[in-house]
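User: I have a new structure to look at. Can you walk me through it?

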Amino acid sequence: MKELNSILLKLLELMPQPLAETLYMVTAATIFSVLLGTPLGIVTAISEEHHMWPHKNLNRVLNLLINITRSLPFIILMIAVFPLSKLLVGRRIGTTAAIVPLTIAAIPFVARLVENSVKELAWGIIEAALSMGANTRQIIFKVILPEALPSIVSGITMTIINLIGYSAMAGAIGGGGLGDLAIRFGYQGFQEDVLFGTVVVLLLIVQLVQYLGDKIYKRLIK
Amino acid sequence: MIEIRNLSKSFIDKNGRVDALKNINLQIEKGDIYGIIGLSGAGKSTLIRCINRLEEPSAGSVLIDDKDIMKLNNEEILKIRRRIGMIFQSFNLLSRRDCSQNVAFPLEVSNYSKEEIKARVNELLGLVGLEDKRHSYPSQLSGGQKQRVAIARALAAKSDILLCDEATSALDPSTTKSILALLKEINKVFGITIILITHQMEVIKEICNKVAVISEGEIVEQGTTFELFSKPSHAVTKRFLSDKSLEGTLSYTPQNSGAELYKLTFLEESAHKPVISQMVKRMDIEVNIIAGHLSSVQGKSYGNLVIEVSGESKIVAEALEYLRENKVFVEVLADYERVE
């Protein structure tokens, strides 16, 4: 009992800072990647040959871009974007700097999910909007986005969970976070109780995100 | 008035060139309920989509009130689409908007003011009898109710033409009837021109005043609905009608070798005269009645009779001529037309 207490005390002391760092990195990267990945996904979907805004070459370029970024291992991407991090946040390493590679890794992921959500919509509803004289902008904002929203929300839930996973690697470039805590104390410092505690906390966060995501999804579906 | 002139559409797919529409000519008057009937793959969906340019034809023109819509630029197409409503087999309502928001959609698109939208939505939901479903979502409605919302939506922006793409094909027979009655009422009260495509002859029979039969991208027959039902000329049309008057003709063996079967059609004016008995009285022939049926389309009656005529060939010819003089339509019944 006494031992358990001391473990909890230790975790309470060690945990807050890495937890805050993880939440900070994941939240920021989610916001930026959704803001940038959603338009990319929509344009990729509607620029396909038989969709409402066919632009073959643009579609090819976007697909290539998404595939290339998605095929890069995150640990390498993290180092490869150093110059960009320097340009955007003024630093190559650190928690804020880690948001740059996290965002870049998540953008194509979000784009693919959004693209699929859009392509899953029945063509009939888009055709009906076209028949009423709606223009491309009106169809995107009044038909595609609202109708695909529940499915996009599911995608964002997946993105957040993925980003929690990626953010564990941020420690490698001084980003801190729960992953860093687990590696430094648990793996390198042989403190298995810390390792275990971190795993439990990560598990709880993922469960909570999934639960909230499902809840919002259900509320959005009519 | 809508005039379709020499309209063709072809495209290339993996099996080569496909001619979806071949030199279509149609004239649809204001206030018509014009039916286009054909089997799936006949080209009817492509044809109806050329009228609001959801499909781009390869050649020909579509004139709406003498204005060729093939010559319109993108901006003008959006404008003309706003006066052409369209409804679909799968309703295509927006699932995350309730009924009133769905009906409001075309009004938002056409930049109506908030007050105008509200008034117009109420008016239209009233017209289709769904005032109490204003705040229901499509998933809470039956198929018939969904189609009613779709009709309200299609008419919201003051359309004067309504295109119906298999609008009743997903509905059960009694719902189909009620939707057709609604379309008929809209046509009558507001003078809206309706063009509908279907594969169901009952739909044509119920509401269309004119009809065209399309097969493999070509119009094979067109005319008033009564003409088409009473005197179908093309094999495809006959197949659609699955003529009841021909039942029993397949198993019939002629009483005299060489005797032919004739199909007689009596239209209104000849349907009430005792033409057959007078023919038999006047001429030395034997008449054997094999099958017959009396029908009516939109209040006009017509009858069909299948008879075997035997006698001297010269007299048989005279007899047939006598029938024709009395406005009975006579044709030799081909073997393929016979049914069980």
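Analyst: One term to begin with: contact, or touching, means heavy atoms within 4.5 Å. This is a predicted model, where local features need pLDDT of at least 70 and side-chain atom pairs count only at pLDDT 80 or more. Residues are numbered from 1 along each chain as its sequence is written.

User: What does Ser295(B) touch?

Analyst: Leaving out residues up to four places away in sequence, Ser295(B) touches Lys300(B), Ser301(B) and Tyr302(B).

User: Is Ser295(B) buried or exposed?

Analyst: Buried, with a relative accessible area of 14%. Buried means under 20% relative accessible area, exposed over 50%, partly exposed in between, with a 1.4 Å probe and protein chains only.

User: Where does Ser295(B) lie?

Analyst: In strand 12 (residues 286-297) of chain B. Strands (E, at least two residues) and helices (H or I, at least four) are DSSP runs, numbered from the N terminus.

User: New topic. How many residues of helix 3 of chain B are buried?

Analyst: Nine of the 11 in helix 3 (residues 99-109), so the rest of the structure largely encloses this helix. Among the buried ones are Cys99(B), Phe105(B) and Val109(B).

User: What covers the buried residues of helix 3 of chain B?

Analyst: The cover includes helix 7 (123-131) and helix 8 of chain A, along with helix 4 (114-127) and helix 5 (143-156) of chain B.

User: And what follows helix 3 of chain B?

Analyst: Asn111(B), whose phi is positive, near 60°.

Methods. Chains are lettered from A and ligands numbered from 1 in the order in which they are written. Side-chain values use heavy atoms; hydrogens and water are left out.
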